[in-house]
Amino acid sequence: MFSTPAAAILVDLPQAAAERLLGRLAASHLLERGTIRGGWQMHDLLRAYAHEQADAFMGRGRVPRRRYEQARARLTDHYVQLAEAADTHLKPPGTVVASQFAGWPQALAWFDAERENLIATAHTEATTETGVSLGFALASAASDASRSQAVKWAAAVPV
């Protein structure tokens with residue numbers, strides 16, 4: 001599953017334009033709307049075909065083109081920025097928080113919704129030489145470590 005904002009970042013289009021394109025792909029039955037609002041998922045056969053093509057491409061010793069690397073970097077930056085912003089909401093009360101999320105429940109919901117994408121992105125970054133995967137993985141792991149603490153704070157502090 002992936003979100004409309006992530007798709008827009010990936011293809012380097014405004015979110016409204018990406019939404020229209022995703023809608024057209026859904027109308028062609030190549031994508032399906034996800035269970036989470038604003039989420040999308042590929043049809044299982046299309047996902048399997050995409051993996052097969054990517055494996056074959058890389059198996060022939062081909063190197064991804066510059067546009068692929070740029071798209072991957074944009075998507076990684078998007079996830080890192082949001083993971084760091086969400087992580088600010090999982091700190092003790094009184095800590096300065098990022099404005100991308102309305103509060104810790106929304107930040108935790110984002111981590112939950114994007115968990116698979118965050119793991120895949122961290123894995124991809126670990127196989128490249130960009131060096132962002134460590135901080136990214138730590139921010140993502142913080143959501144797990146902070147989840148129980150955030151629930152305790154929520155019980156003690158009115159939201």
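This is a predicted model: local features need pLDDT of at least 70, side-chain atom pairs count only at pLDDT 80 or more; totals for chains, interfaces and linings use all residues.

User: Ok! Which side chain meets Glu69 in a salt bridge?

Analyst: That's Arg72, at 2.8 Å from N to O. A salt bridge here is a side-chain nitrogen of Lys or Arg within 4 Å of a carboxyl oxygen of Asp or Glu.

User: And how far apart are Arg72 and Glu69 in helix α4?

Analyst: They are 3 residues apart in helix α4 (residues 66–88), so about one helical turn separates them. Helices (H or I, at least four residues) and strands (E, at least two) are DSSP runs, numbered from the N terminus.

User: Is Arg72 buried or exposed?

Analyst: Buried, with a relative accessible area of 13%.

User: How many salt bridges does the structure hold?

Analyst: There are 5. One of them pairs Asp44 with Arg47 at 2.6 Å, N to O. Asp44 is exposed at 54% relative accessibility, and Arg47 is partly exposed at 32%. Another joins Asp87 and Lys91 at 3.1 Å, N to O; Asp87 is buried, at 11%, whereas Lys91 is partly exposed, at 36%.

User: Switching topic: what does Asn117 touch, beyond its neighbours within four places in sequence?

Analyst: Asn117 is in contact with Met1, Phe2 and Tyr79, where contact means heavy atoms within 4.5 Å. Asn117 sits in helix α5 (residues 104–126) and is buried at 17% relative accessibility.

User: Which residue has its backbone oxygen 2.8 Å from a polar atom of the Asn117 side chain?

Analyst: Met1 does.

User: What about Ser3, where is that?

Analyst: Ser3 is in strand β1 (residues 2–3), and at 13% relative accessibility Ser3 is buried too. Leaving aside neighbours within four places in sequence, Ser3 is in contact with Gly38, Gly39, Trp40 and Glu114. A polar atom of the Ser3 side chain also lies 3.2 Å from the backbone nitrogen of Ala6.

How values were computed:
Residues are numbered from 1 along each chain as its sequence is written. Side-chain values use heavy atoms; hydrogens and water are left out. Buried means under 20% relative accessible area, exposed over 50%, partly exposed in between (1.4 Å probe, protein chains only). A polar contact is a pair of N or O atoms within 3.5 Å; within protein, one must be able to donate a hydrogen and the other to accept it, and residues adjacent in sequence count only if both atoms are side-chain atoms.
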